[in-house]
Amino acid sequence: MDIGLSTGRTATRYLTACLRASGLDIQHEKLGKDGGIGWPLLSECLAGRCKGARVHLIYRPAVDCMGALHRFSMPMWSGNYHPRWKRGKVRHYYPDFDTGKLVDLRLFMRYWLYINSHALDYADTVLSFELLKTDEGKKTLEEYYGRPVYWGAVDPKGYAFPHPRYSVEDLYLADHKLAEQVMRLDRELFLAQLNPSTPDSLS
């Protein structure tokens, strides 16, 4: 069984859909017969339920994750996203993550640090998000599973909220600049950034 740990904005929905379309029972944010991918699965490791599984951290730098959030999607991290997550989506899984509602980039950065720092305690390998987007990375994953992966899969539950005035490219650029500004202004968060080694294979 394989478990992929990551933060939000690391293409876990897409990767899960591709692996499922290739015949693997890998679920998004929960465990299937062959494993699962998503940040909530860290709670499985913290609870000691990942023994015997191969754990992989899908690592993407904080500023890139924050730059892909877009301000209009931030309510998903607060308690207003779903009635099941009255304390906020993150605190539903991790009660000790106590910084209030995630309504700005500074709090998202603290969530990013929380997930990645704990995931490193369990990860057998660290995979670069950028590598997995390349042909080399895709080939590595196919060799690991011993089968071709259907990279044209689309997550049926995927969603997008088009902005009435700005293109996706404009939003990425604006949020990336804002994320960089947050990192410059908050020295504590800047110094706390994780930079784990990112090997080129799953071996």
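Buried means under 20% relative accessible area, exposed means over 50%, and partly exposed lies in between, with a 1.4 Å probe and protein chains only. By that rule Glu130 is partly exposed, because its relative accessible area is 36%. Good morning. The structure is a predicted model, in which local features need pLDDT of at least 70, side-chain atom pairs count only at pLDDT 80 or more, and totals for chains, interfaces and linings use all residues. Residues are numbered from 1 along each chain as its sequence is written, and side-chain values use heavy atoms, with hydrogens and water left out.

I shall begin with the sheet. Helices (H or I, at least four residues) and strands (E, at least two) are DSSP runs, numbered from the N terminus. Two strands pair if DSSP finds at least two bridges between them. Here 5 strands form an open sheet with parallel pairing, and their order is β2-β3-β1-β4-β5. Which strands stand at the edges? They are β2 (26-28) and β5 (125-128); each has a single partner strand, so one side of each is left without a neighbour in the sheet. From one strand to the next, the twist averages 25 degrees.

Let us now look at β1. Its pairing with β3 is parallel and has 3 bridges, and in β3 the bridge partner of Gly4 is Ile37. With β4, strand β1 also runs parallel, joined by 4 bridges; there Asp2 stands opposite Arg54. Where do the residues of β1 point? Asp2 and Gly4 point one way, Ile3 and Leu5 point the other way, and all are buried.

Further along the sheet, strand β4 (residues 54-59) pairs with β5 in the parallel sense over 4 bridges. Leu57 has Val126 in β5 as its bridge partner. Helix α5 packs on the sheet and touches β1 (2-5), β4 and β5, and its direction makes about 145 degrees with that of β4. Contact, here and below, means heavy atoms within 4.5 Å.

That helix brings us to a second packing partner. Two packed helices are described by the angle between their axes and the distance between the axes. Axes are lines fitted to C-alpha atoms, for helices over the stretch in contact, and angles run from 0 to 180 degrees between N-to-C directions. Helix α5 (residues 105-120) packs against helix α8 (residues 168-185) at an angle of about 75 degrees, with the axes 10 Å apart. That makes α5 roughly perpendicular to α8, a term for angles of 65 to 115 degrees. Which residues meet? On the α5 side they are Leu105, Arg106 and Met109, and on the α8 side Leu178, Ala179, Val182 and Met183. By class, this contact has 6 nonpolar, no polar and 1 charged residues. In that count, Ala, Val, Leu, Ile, Met, Phe, Trp, Tyr, Cys and Pro are nonpolar, Asp, Glu, Lys and Arg are charged, and the others, Gly among them, are polar.

Tyr122 is partly exposed because its relative accessibility is 31%. Leaving aside residues up to four places away in sequence, Tyr122 touches Leu42, Cys45, Leu46 and Val55. Tyr122 and Leu5 are 117 residues apart in sequence, yet their C-alpha atoms are 9.4 Å apart in space.

I turn to charged pairs. Side chains of opposite charge can pair when their charged atoms come close. A salt bridge is a side-chain nitrogen of Lys or Arg within 4 Å of a carboxyl oxygen of Asp or Glu. How many does a search of the whole structure find? It finds 4 salt bridges. One of them joins Glu130, with which I opened, to Lys133, the closest N and O atoms being 3.3 Å apart. Lys133 is partly exposed as well, at 48%. Another links Arg20 and Asp25, with 3.5 Å between the closest N and O atoms; Arg20 is partly exposed at 41%, and Asp25 is partly exposed at 28%. Glu44 and Arg49 also form a salt bridge, at 2.8 Å from N to O, and Arg49 counts as exposed because its relative accessibility is 51%.

Ala11, in the loop between β1 and α1 (12-21), has a positive phi near 60 degrees without being a glycine. Glu29, in the loop between β2 and β3 (35-37), is not a glycine either, and its phi is positive at about 65 degrees. Ala11 is partly exposed at 35%, and Glu29 is partly exposed at 22%. Thank you for your attention.

How values were computed: Angles under 35 degrees count as roughly parallel, over 145 as roughly antiparallel, 65 to 115 as roughly perpendicular and the rest as oblique.
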